[in-house]
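Please keep the sequence and the 3D view at hand while reading.

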Amino acid sequence: GAAFEKKLRLGGGLSWLKTPYSQTELTVNENGQTILKTTYFKLAYLAAYADVVFYKTKRWQLSVPLQIGAGFTWRQDVPQYQLNQMDSRQFLFLYEPGITVQFKLTRWFGLGSDVAYRFTLKNNKKISEQLSSPTYSFKIMFWLDQLYFMVFPESDWSRKSGPATW
């Protein structure tokens, strides 16, 4: 991502479901026999985000991140991602508003937390998984530029950009 005037951050990324979520069901194979078949639920999407800072002090920062994404859900026979098994894929749209809190313990080190709610729209009623849910994350943050400015205060970059006001 990129930051603009320390008030707006824009970026994007690729996300996927890491947890091996499986479902076993009775099915009939090509020989007409009833068998137990295990399939694995998969989810992958591209997302873009914008994060707007609306409150900032020496140590605290509050911002409102907004993420939108589009991708696919599908079931496959093996737990590892197999993109060649995406023939049953279904489109998925995500919208995730939230709030972020950051606290700077020092000029270059801090803690943070995100709380959001992920809304999902999927066009497959056969997929019973509830994908809309609250999300939480906790962060340990390092501002390497500020650490550099403190360690090398006489460098050309430190003189030009200088440390942020503390």
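Helices (H or I, at least four residues) and strands (E, at least two) are DSSP runs, numbered from the N terminus. The model is predicted: local features need pLDDT of at least 70, side-chain atom pairs count only at pLDDT 80 or more, and totals for chains, interfaces and linings use all residues. Residues are numbered from 1 along each chain as its sequence is written, and side-chain values use heavy atoms, with hydrogens and water left out.

**Nonpolar surface patch**

- A patch is made of residues with over 30% relative accessible area and no salt bridge; like charges are joined within 9 Å, and nonpolar side chains (Val, Leu, Ile, Met, Phe, Trp, Tyr) within 5 Å.
- Accessible areas come from the Shrake-Rupley method with a 1.4 Å probe, and for residues only the protein chains shown count as cover.
- On the surface, a nonpolar patch is formed by Leu66, Ile68, Phe72, Phe91, Phe93, Tyr95, Tyr117, Phe119 and Leu121, which together have about 800 Å² of accessible area.
- At least two residues of the nonpolar patch come from each of strand S5 (60–76), strand S6 (90–104) and strand S7 (109–122).
- One of the patch residues, Phe119, is placed in strand S7.
- Is Phe119 buried or exposed, or does it fall in between? Buried means under 20% relative accessible area, exposed over 50%, and partly exposed in between (1.4 Å probe, protein chains only). Phe119 has 41% relative accessibility and therefore counts as partly exposed.

**Salt bridges**

- A salt bridge is a side-chain nitrogen of Lys or Arg within 4 Å of a carboxyl oxygen of Asp or Glu, and the structure holds six of them.
- In one of these, Asp77 pairs with Lys37, with the closest N and O atoms 3.7 Å apart. This pair links distant parts of the chain, since Asp77 is in the loop between S5 and S6 and Lys37 is in strand S4 (residues 34–56), 40 residues apart.
- Asp77 is partly exposed, with a relative accessible area of 43%, and Lys37 is partly exposed at 37% relative accessibility.
- Glu96 forms a salt bridge with Arg118, where the closest N and O atoms are 3.4 Å apart. Because Glu96 lies in strand S6 and Arg118 in strand S7, the pair ties together parts that are 22 residues apart in sequence.
- Glu96 counts as buried at 15% relative accessibility, whereas Arg118 is partly exposed at 22%.
- Asp156 forms a salt bridge with Arg159, with the closest N and O atoms 3.7 Å apart. Salt bridges that share partners join Glu154, Asp156 and Arg159 into one network.
- Asp156 and Arg159 both lie in helix H2 (residues 156–161), three residues apart, about one turn of the helix. Both Asp156 and Arg159 are exposed.

**Aromatic rings**

- Rings of Phe, Tyr and Trp (its six-membered ring) pair if their centres lie within 6.5 Å; planes under 30 degrees apart count as stacked, over 60 as edge-to-face and the rest as tilted.
- The structure holds 13 aromatic pairs, and ring pairs link Tyr148, Phe149, Phe152 and Trp157 into a cluster.
- A charge sits over a ring if NZ of Lys or CZ of Arg is within 6 Å of the ring centre and within 35 degrees of the ring normal.
- Lys42 lies over the face of Tyr81, at 4.5 Å from the ring centre, and Lys104 lies over the face of Trp143, at 4.7 Å from the ring centre.
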